[in-house]
Amino acid sequence: MALWRSRRTLNYLALVALTTAVFTVAYNLGMAIWEGRPQSLIRSLEVVFQSFTTTGYGQDAPWETFQMNVLVIAMQLAGIGLIVAAIQAFAVPLIRAAFEASPPTEAVAVENHVVVCGYTPRTEAFTTELASRDYEFVVVESDDETATELYESGIDVVHGDPESVDVLERAGTERATAVVADAADDENASIVLSAREVDGDVRIVTVVEDEELAAYHRIAGADEVLSPRQLLGQSLAERVPTAVTTAADERVELGEDLELVEVSITGRCELCGRSVAECRLQDRFGVTVVGAWLDGEFVSPVGPDLELDAGTRLLAAGDPDGVDDLRSTALSTVRELSPREVLIAGYGESGAAAVEAFADTSSAVTVLDVEDRPGVDVVGDARDPETLQEAGVEDADAVIVTVGDDTTAIFTTLIVRDLNPDVDVFVRAVQEEDVAKLYRAGADDVQSLATVSGRMLAATVFEDEAALGFDKQIRVVTTPAGELAGRTIVDADVRNETGATVLAIVRDDEVRTEFDPDTLELVVEDELVLAGTDESVSRFERQFV
């Protein structure tokens with residue numbers, strides 16, 4: 001709304017009119033009663049305006065009585081107050097608007113970019129992914145304040161309604177590689193229809209909160225519909241040892257002779273309690289340790305003195321036979337065949353997906369939720385110790401926390417850890433900034449909904465790239481040798497300099513996984529298969545490519 005038609009302006013004008021009327025009547029009566037000089041209302045109105053505008057008082061000054069002098073002083077103070085209010089109501093907003101940056105309504109001349117409709121924590125994680133890959137994107141945002149903040153932070157943004165065909169055209173949709181829609185479920189369907197009208201062939205990916213509405217996104221024309229909450233619930237279930245057959249490790253096949261795998265160390269295996277150097281993983285299994293998750297953070301490279309504790313997760317690469325041997329050794333030497341007792345706190349979409357993941361296992365699952373509905377075994381607040389005890393937390397082998405918000409999740413984790421210090425606690429975090437808090441509260445593994453969503457979007461848009469699960473934050477890429485030509489990997493100290501690990505060398509169309517990094521000199525034509533975080537891969541590319 002324009003400043004002159006705003007509620008602030010109307011309130012100010014009403015205040016001026018009321019103040020003027022009151023002082024005009026009071027001054028007119030005062031001159032007649034106290035000063036003995038009666039005059040017309042129009043003359044009194046003139047004097048009031050003279051006082052408010054500090055232009056003088058004409059023939060009425062000076063005044064003889066005490067009461068009139070007090071009244072005139074009050075008029076002067078009121079006039080000053082009205083001037084200050086006018087500055088706040090009009091001058092300050094106008095000056096601020098003159099110096100504020102206005103978000104653009106049309107994208108810069110870009111092509112082969114991604115049009116991101118809506119800016120949420122999920123798309124923020126996704127745009128971070130795009131930025132780490134030096135991939136151009138344009139955010140379409142309808143909220144003026146959000147669009148301004150994005151523009152001032154250096155992000156290409158188009159201020160407008162993403163459901164509008166005109167706005168999507170101005171965002172360069174017809175030149176884009178993909179359109180990603182992350183608004184409300186019904187708005188996303190409208191965005192899909194508008195994007196299809198702009199370009200019938202552009203790839204469209206939507207995010208859906210309610211899995212039951214995914215079909216309507218596809219009917220509207222979406223190529224891919226992602227439901228991060230369901231995937232995250234399944235992923236949390238797969239963290240429970242021996243619960244799901246695919247839970248022990250997650251793989252990315254890189255060829256017949258090379259696999260990248262996540263290995264979880266159990267408390268009763270021979271590797272537990274020993275350092276990486278003592279385990280001699282390279283000598284025994286022929287695998288290379290790319291990194292490890294420690295307290296939820298991925299660390300690479302891993303030092304030889306790192307002690308492998310129960311729950312330590314290693315990211316390792318090697319030939320399939322060696323990987324299988326490592327997986328077998330990392331598991332308990334005596335497998336516990338009794339059913340696992342699993343408590344799931346929170347029966348939303350993530351919780352329901354976790355329950356479904358246990359359907360084909362022998363695990364005994366108890367569901368706790370605040371609402372009494374089908375599938376819920378215990379009704380109550382997960383933050384109530386007595387409710388958790390009723391749900392069997394003290395006898396549980398694992399607790400999966402998928403409650404509605406992070407504050408509740410943090411408090412629930414604290415209580416669970418107090419009631420059962422030995423239980424494995426796996427938690428979903430809605431906000432990325434709460435992940436560290438959840439680990440401090442006692443969670444064994446925390447997965448951020450925003451991060452998982454961002455990784456899902458990236459893996460979906462970039463179909464040609466391998467990804468070790470959406471929650472791992474690990475990239476596997478093939479890159480030219482670049483400035484490493486003429487040097488060995490050890491001589492360049494690649495791992496310590498960048499944090500990335502060379503898994504294989506592609507030479508003459510042959511993938512070589514077994515080579516001596518001390519002596520093999522790279523040539524210009526070589527390509528390297530590289531594994532690492534977004535930051536380490538980008539660091540390698542900046543330094544050597």
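This is a predicted model: local features need pLDDT of at least 70, side-chain atom pairs count only at pLDDT 80 or more; totals for chains, interfaces and linings use all residues.
Me: Why is α9 called roughly perpendicular to α17?

Reply: Helix α9 (residues 228–237) and helix α17 (residues 449–461) pack at an angle of about 110°, with their axes 10 Å apart. Angles of 65 to 115 degrees count as roughly perpendicular, and α9 is therefore described as roughly perpendicular to α17.

Me: Which residues make the contact between α9 and α17, and how does that contact divide by class?

Reply: From α9 come Pro228, Arg229, Leu231 and Leu232, which meet Leu449, Val452, Ser453 and Met456 of α17. By class, this contact of α9 with α17 has six nonpolar residues, one polar and one charged.

Me: Why are α1 and α2 called oblique to each other?

Reply: Helix α1 (residues 7–33) packs against helix α2 (residues 41–52) at an angle of about 120°, and their axes are 8 Å apart. Roughly perpendicular covers 65 to 115 degrees and roughly antiparallel begins over 145, with the rest counted as oblique; α1 and α2 are therefore oblique to each other.

Me: What is the handedness of the crossing of α1 and α2, and which residues meet there?

Reply: The crossing of α1 past α2 is right-handed. On the α1 side, Thr19, Thr20, Phe23, Thr24, Tyr27 and Asn28 take part, and they meet Leu41, Ser44, Leu45, Val47, Val48, Phe49 and Phe52 in α2. The contact of α1 with α2 has eight nonpolar and five polar residues, and no charged ones.

Me: What makes up the lining of the second largest pocket?

Reply: This pocket holds about 920 Å³ of space and is lined by 32 residues, of which Gln282, Thr288, Val289, Arg495 and Pro517 lie nearest its centre. Among the elements that give two or more residues to the lining are α10 (276–279), α11 (281–285), β10 (288–294) and α19 (494–498). By class, the lining divides into 17 nonpolar, eight polar and seven charged residues.

Me: What is the omega of the peptide bond from alanine 61 to proline 62, and where is proline 62?

Reply: The bond from alanine 61 to proline 62 has omega near -5° and is cis. Proline 62 lies in the loop between α2 and α3 (66–99).

Terms used:
Residues are numbered from 1 along each chain as its sequence is written. Side-chain values use heavy atoms; hydrogens and water are left out. Axes are lines fitted to C-alpha atoms, for helices over the stretch in contact, and angles run from 0 to 180 degrees between N-to-C directions. Helices (H or I, at least four residues) and strands (E, at least two) are DSSP runs, numbered from the N terminus. Angles under 35 degrees count as roughly parallel, over 145 as roughly antiparallel, 65 to 115 as roughly perpendicular and the rest as oblique. Contact means heavy atoms within 4.5 Å. Ala, Val, Leu, Ile, Met, Phe, Trp, Tyr, Cys and Pro count as nonpolar, Asp, Glu, Lys and Arg as charged, and the others, Gly among them, as polar. On a 1 Å grid over the protein atoms alone, a cavity is a set of points where a 1.4 Å probe fits but cannot get out, and a pocket is an open set with protein on both sides within 12 Å along at least five of seven lines; lining residues have an atom within 4 Å of a point. Grid points are joined across faces, edges and corners, and a volume is the space filled by probe spheres set on the points. A crossing is left-handed if the near helix is turned anticlockwise from the far one by less than a right angle, and right-handed if clockwise.
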